[in-house]
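Dear colleague,

I am handing over the structure below, together with some notes on what was found in it. Please read the notes with the model open beside them.

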Amino acid sequence: MNSVPQHIAIIMDGNGRWARAQGKPRSYGHLKGAENIRNIAIKANELGVKVLTLYAFSTENWKRPAEEVSYLMNLPKVFVDSYLEELMANDIRVEMIGRREGLPRETVRILDRAINRTKDNKAMTLVFAVNYGGRSEIVDGINEYVAQLKDSDHKITEEEFGRYLYTRDYPELELLIRTSLDYRISNFLLWQLSYAEMYFTETHWPEFSPEELESIIKDFMKRNRRFGGLQ
Ligand code: IPE
Ligand code: IPE
Ligand code: MG
């Protein structure tokens, strides 16, 4: 039996499909999706998860219509205005990973407000992946490594390289959940997924419930994780 996963990542997909099924615009799905983050974060914290990393906006999502992009860029404000105090009450810390360059200044300001306000919280860390790409994370890590190399002929190890990634402060990723039943990674946490268990559910993100999270975690705990060894 595995323990509760220390670090869970979720690809929050299907906002648009969910909205269409309700006969509503895509933005309605994004709004309901953002609101649902609150329910899932509180449940994950309650279950003892230490880090919950949520894919909110990928480096490829800039390809969407400008109107949708700008709606998405305003959602951190909606989320923070509605739930920051509740996150404080639940001792949840907020952080972000991804490239800050390229994000609207106002989006960064709001995220920073939440990050600073919650920085001493100790229960769970809620990480928003915004303007995040797995490949850009690896390339940024390589560039940071090269910049401090000077003339050394040191060969970097996997463990050392992990310290150049955005996730350097977090425990190993153990479980990935993707909602809305597309079987792909979409450039999320390429390095960290190495030995994560994966779970794909057909539920669209706005309807993904705390009960479903709990049942996925129970399933995770029963899985036989071999890490290349024998059991
Ligand atoms: C996920 O929902 C949210 C983001 C990618 C920002 P989608 O907007 O991708 O919803 P679908 O996949 O079109 O249903
Ligand atoms: C992945 O979903 C990105 C986020 C959830 C933020 P997408 O909807 O962008 O992924 P694709 O385009 O279906 O691969
Ligand atoms: Mg999608």
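**Ligand 1 and its surroundings**

In this predicted model, an oxygen atom of ligand 1 lies 3.0 Å from a polar backbone atom of G16. Two further backbone contacts can be set beside that one: a backbone N or O atom of N15 is 3.2 Å from an oxygen atom of ligand 1, and a backbone N or O atom of G14 is 3.4 Å from an oxygen atom of the ligand. Of the 380 Å² of accessible area that ligand 1 has on its own, the protein covers 86%.

The shell around ligand 1 consists of M12, D13, G14, N15, G16, R17, R26, H30, A56, N61, R64 and L72, and by residue class it divides into three nonpolar, five polar and four charged. Helices α1 (15-21) and α2 (26-47) each supply at least two residues of this shell, and α1 gives the most to it, with three residues. As for the space that ligand 1 takes, it is the largest pocket.

**Ligand 2**

Ligand 2 also sits in the largest pocket. Around it are I11, M12, D13, Y55, A56, F57, N61, R64, R178, R184 and S186, a shell that divides into five nonpolar, two polar and four charged residues. The element that gives the most to this shell is strand β2 (residues 51-58), with three residues.

For ligand 2, the contacts to look at involve side chains: a polar side-chain atom of S186 lies 2.6 Å from an oxygen atom of the ligand, an N or O atom in the side chain of R64 is 3.1 Å from an oxygen atom of ligand 2, and for the side chain of D13 the corresponding distance, again from an N or O atom to an oxygen atom of ligand 2, is 3.2 Å. Taken alone, ligand 2 exposes 380 Å², and the protein buries 79% of that.

A search of the whole structure finds 13 aromatic pairs. One of them is formed by Y55 and Y132, in an edge-to-face arrangement with 5.8 Å from centre to centre and 85 degrees between the planes. Because Y55 lies in strand β2 and Y132 in strand β4 (residues 124-132), the pair ties together parts that are 77 residues apart in sequence.

With best regards

Notes. Residues are numbered from 1 along each chain as its sequence is written. Chains are lettered from A and ligands numbered from 1 in the order in which they are written. This is a predicted model: local features need pLDDT of at least 70, side-chain atom pairs count only at pLDDT 80 or more; totals for chains, interfaces and linings use all residues. Side-chain values use heavy atoms; hydrogens and water are left out. A residue is near a molecule or strand if one of its heavy atoms lies within 4 Å of it. A polar contact is a pair of N or O atoms within 3.5 Å; within protein, one must be able to donate a hydrogen and the other to accept it, and residues adjacent in sequence count only if both atoms are side-chain atoms. Accessible areas come from the Shrake-Rupley method with a 1.4 Å probe; for residues, only the protein chains shown count as cover. On a 1 Å grid over the protein atoms alone, a cavity is a set of points where a 1.4 Å probe fits but cannot get out, and a pocket is an open set with protein on both sides within 12 Å along at least five of seven lines; lining residues have an atom within 4 Å of a point. A molecule sits in a cavity or pocket if more than half of its atoms lie within 2 Å of its grid points. Helices (H or I, at least four residues) and strands (E, at least two) are DSSP runs, numbered from the N terminus. Ala, Val, Leu, Ile, Met, Phe, Trp, Tyr, Cys and Pro count as nonpolar, Asp, Glu, Lys and Arg as charged, and the others, Gly among them, as polar. Rings of Phe, Tyr and Trp (its six-membered ring) pair if their centres lie within 6.5 Å; planes under 30 degrees apart count as stacked, over 60 as edge-to-face and the rest as tilted.
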